[in-house]
Amino acid sequence: MRGGGRRRDQFAALPDELLKHVLSYLPSRKAVKLSLLSRRWRHLWRSTPAISIHGKGEGVLLFVNTLLVNREAPLLRSFDIDVDLVVPRALPGSPYNNPEFYGREYLRGEVDPHVDMWVRHALSSKCRSPSLMVRLEDELAPWLPRSPLAFASPNLTTLHLDAVHLVDGLLDFSCCPALLRLALVRCYLEGEALKTS
């Protein structure tokens, strides 16, 4: 009994900043669940410097939207999205309906528009995440960002895209002057080759 109390005291002695740092290495859902361990930890997840999202379906949509609304610390060290969020049919007005880009024989659906919103949030002037990872589970339903400047950020140094369709302007990373590392995995690249004089 005495040893358990001593352990509790050791956790109590850790500063909030160190606890937030440790929580930032966990998937965000686990970091939120850990807040149930102690009254003192209840709100620490709100100000961790990293967001890591894993999952699929309505549950992950609700969790991430609630997480982003309730976060208190704006600045992020990293924002990782690893999800399977395919809407079975393309919505009216969606770029996925453009037969010029998508042959219906292989397209399974479109990635939920919430992914666009989350990326905008991560790269916004409020959050300024220098590291962004977007990994979609199904390469037969690649994510086609709805904004031609989806990755525009003066702070982005690391970008990892997996199962993303990059068309024309999305292949131009000059809007990311700080970019040092770029990884494109299972991505569809479509655009005119750069002409050299």
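This is a predicted model: local features need pLDDT of at least 70, side-chain atom pairs count only at pLDDT 80 or more; totals for chains, interfaces and linings use all residues.
Residues are numbered from 1 along each chain as its sequence is written, and side-chain values use heavy atoms, with hydrogens and water left out.

**The leucine patch**

Leucine 182 is partly exposed, with a relative accessible area of 40%, where buried means under 20%, exposed over 50% and partly exposed in between, computed with a 1.4 Å probe and protein chains only.

**The whole chain**

Zoom out to show the chain, which has five helices and nine strands, running from the N terminus as α-α-α-β-α-β-β-β-α-β-β-β-β-β. Of its 197 residues, 39% are buried, and the chain exposes about 11400 Å², of which carbon and sulfur atoms supply 58%; these areas come from the Shrake-Rupley method with a 1.4 Å probe, and for residues only the protein chains shown count as cover. Among the contacts with a separation of 6 or more, 64% are between residues 24 or more positions apart, a contact meaning heavy atoms within 4.5 Å.

**Helix H2**

Next select helix H2 (residues 16–23), whose buried residues are Leu19, Lys20 and Leu23. Viewed down the axis of H2, these buried residues fall within an arc of 100°, so they line one face of the helix; the arc is that of the directions from the helix axis to the C-beta atoms. The buried residues of H2 pack against H3.

Stay on lysine 20, which is buried at a relative accessible area of 14%, and display glutamate 17, which is exposed at 57% relative accessibility. Their side chains meet in a salt bridge of 3.2 Å, N to O, the criterion being a side-chain nitrogen of Lys or Arg within 4 Å of a carboxyl oxygen of Asp or Glu. Because lysine 20 and glutamate 17 are three residues apart in helix H2, they are separated by about one helical turn.

Move to lysine 33 in helix H3, an exposed residue with a relative accessible area of 57%. Lysine 33 and tryptophan 45 are 12 residues apart in sequence and 9.0 Å apart in space, C-alpha to C-alpha. Then select serine 35, in the loop between helix H3 (28–34) and strand S1 (50–56), which counts as buried at 9% relative accessibility. Its side chain reaches the backbone oxygen of valine 32 at 2.4 Å. Leaving aside neighbours within four places in sequence, serine 35 is in contact with Trp41, Arg42 and Trp45.

**Salt bridges elsewhere in the chain**

By the salt-bridge rule the count comes to seven. Select arginine 146 and glutamate 110, whose side chains meet at 2.3 Å, N to O. This pair links distant parts of the chain, 36 residues apart, with arginine 146 in the loop between strand S5 (131–136) and strand S6 (158–162) and glutamate 110 in strand S4 (residues 110–111). Glutamate 110 is buried, with a relative accessible area of 1%, whereas arginine 146 is partly exposed at 29%.

Now display arginine 135 and glutamate 137, whose side chains form a salt bridge of 2.8 Å, N to O. Salt bridges that share partners join Asp82, Arg135, Glu137, Asp162 and Arg186 into one network.

**Last stop: serine 129**

Finish at serine 129, in the loop between helix H5 (114–123) and S5, a buried residue with a relative accessible area of 0%. A polar atom of its side chain lies 2.8 Å from the backbone oxygen of serine 131. Leaving aside neighbours within four places in sequence, the contacts of serine 129 are Leu76, Arg77, Ser78, Phe79, Ala122, Leu123, Asn155 and Leu156.

Technical notes. Helices (H or I, at least four residues) and strands (E, at least two) are DSSP runs, numbered from the N terminus. A polar contact is a pair of N or O atoms within 3.5 Å; within protein, one must be able to donate a hydrogen and the other to accept it, and residues adjacent in sequence count only if both atoms are side-chain atoms.
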